[in-house]
Amino acid sequence: MVLNQLNSLTASELIHLLNEDKITVEDIAISYVESIKNNEGRVRAWEYFDKEQVLNNAKKLDKRKEIKGTLGVLNGVPIGIKDIFNTYDMPTAMGSKIWDGFTPGNDARVVHYLRENDGLIFGKTVTAEFAVHFLPANKTVNPHNSNHIPGTSSSGSAAAVASNMVPLALGTQTAGSIIRPASYCGVFGFKPSFGVVPRTGSLKTTDTLDTVGCFSKSIEDIKLLFDVIRVKGPNYPYVNKSLDNFSNRNYKNMNIGILLDGHWIFENYKSYAKKEFLIFLDALKYKNELNISKIKINSDFKKIHKLHNILYNKTLSYYFKSEYKDMDKISDEIKELIEIGNSISTNAYIDALNQQELIRQNMEEELSPYDLVLTLSTAGEAPLINENEIPDTCLIWTFLGMPTLNIPLFKGPNQLPYGLQAVGIRYSDIKILDISKKILKK
């Protein structure tokens, strides 16, 4: 393998070469450092990157392997970290002028898990201000066409993977901030079930919505990274039991639910996107072991956007009340959201929380007959920088706490990617990854 081609490989392919002693961690690091040198000026995915720090840490991992004979499961593979996770050796600014240069002095739980398994932390990727999902991602552009947006707020992570500057990256989603950037940038993006990945040491915006997830170039890599960052062990018996119930199955006669009409959102989807989705479904119908049927949307589905806004704005006003006092350093959009949140009563917030749990239970029961639900990740390809994003269903699945996967499958009229979205009921994370992989092979 030519070293300058290593950055085109998946994490799993790199790990195979490392285990075969055909390359070193330093070889990989050098290849990705060179890719950053060639691409960062155009894509602008990094908030913090220190070449010398990366190369020194790569050498340390090679030395550790020389002494121990082996490394942890991540084997020194480079990983980008969305700049809302604490890192003891790097600043964490959260897309904010207020926190510019802030060094927390500790690692977020998921970052600790990455280091514990010998992942090579490459740097901090760009995020929108306080990771608010509809704000501009500061400086990152779509790696396929710089006139188009990359999606927010995990824009830097998605763009870094898409432009081969890292094979893996962490992101978060409170509305659509993993699935949407993954769709627009053409990579796999996974938002796990709510609560399965710990949020300790990361920015909080909304307690019942914030979800930690990841980006990669393959489903195999998503499974690898997800297994590292998720909670495990006797302290999490329900999560472990639930995930195990959906793993290692031989899926036959799968029931696939499809969703593309019956709600105002879908009326705004691009015609070319709907057409390609239907063509894909027609192809699936001719495959064995797949039963495909349309899902009828109930009234609960139609309440979710309004309830999400109540939960989101109210908690933003709580968590950023200190920042609100420093008004010269926050955007007008953040000020407006905080002011809206301040106007929401405690009773209205509690009522929205109660409705969220009831709707989660109802929707889970309604979708439980399906092994997988398929819809589009976004309404089409990435809009131009000065255009507004078209609403999609990403926010809905986040509200419901359900796992979702963006599969980079389609291209729009400008040859920009957009994705197929696979959705499952809570804790079917491993199941939807396995079935999605199976579908792609058909």
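Reply: Let's start with Cys394: its sulfur is 13 Å from the closest cysteine sulfur, in Cys185, and that is too far for a bond, because a disulfide takes a pair of cysteine sulfur atoms within 2.5 Å. This is a predicted model, where local features need pLDDT of at least 70, side-chain atom pairs count only at pLDDT 80 or more, and totals for chains, interfaces and linings use all residues. Residues are numbered from 1 along each chain as its sequence is written, and side-chain values use heavy atoms, with hydrogens and water left out.

Cys394 has 0% relative accessibility, so it counts as buried (under 20% relative accessible area; exposed is over 50%, partly exposed in between, with a 1.4 Å probe and protein chains only). Cys214 is also at 0% and buried, and its sulfur is 15 Å from the closest cysteine sulfur, again in Cys185, too far for a bond. Searching the whole structure turns up zero disulfides.

Now for the inside of the fold. The largest nonpolar core has 135 residues, with Leu114, Phe122 and Leu374 touching the most other members. Such a core is a set of buried Ala, Val, Leu, Ile, Met, Phe, Trp, Tyr and Cys residues joined through side-chain atoms within 4.5 Å. Leaving out residues up to four places away in sequence, Leu374 touches several others, including Phe277, Phe280 and Ile439; contact here means heavy atoms within 4.5 Å.
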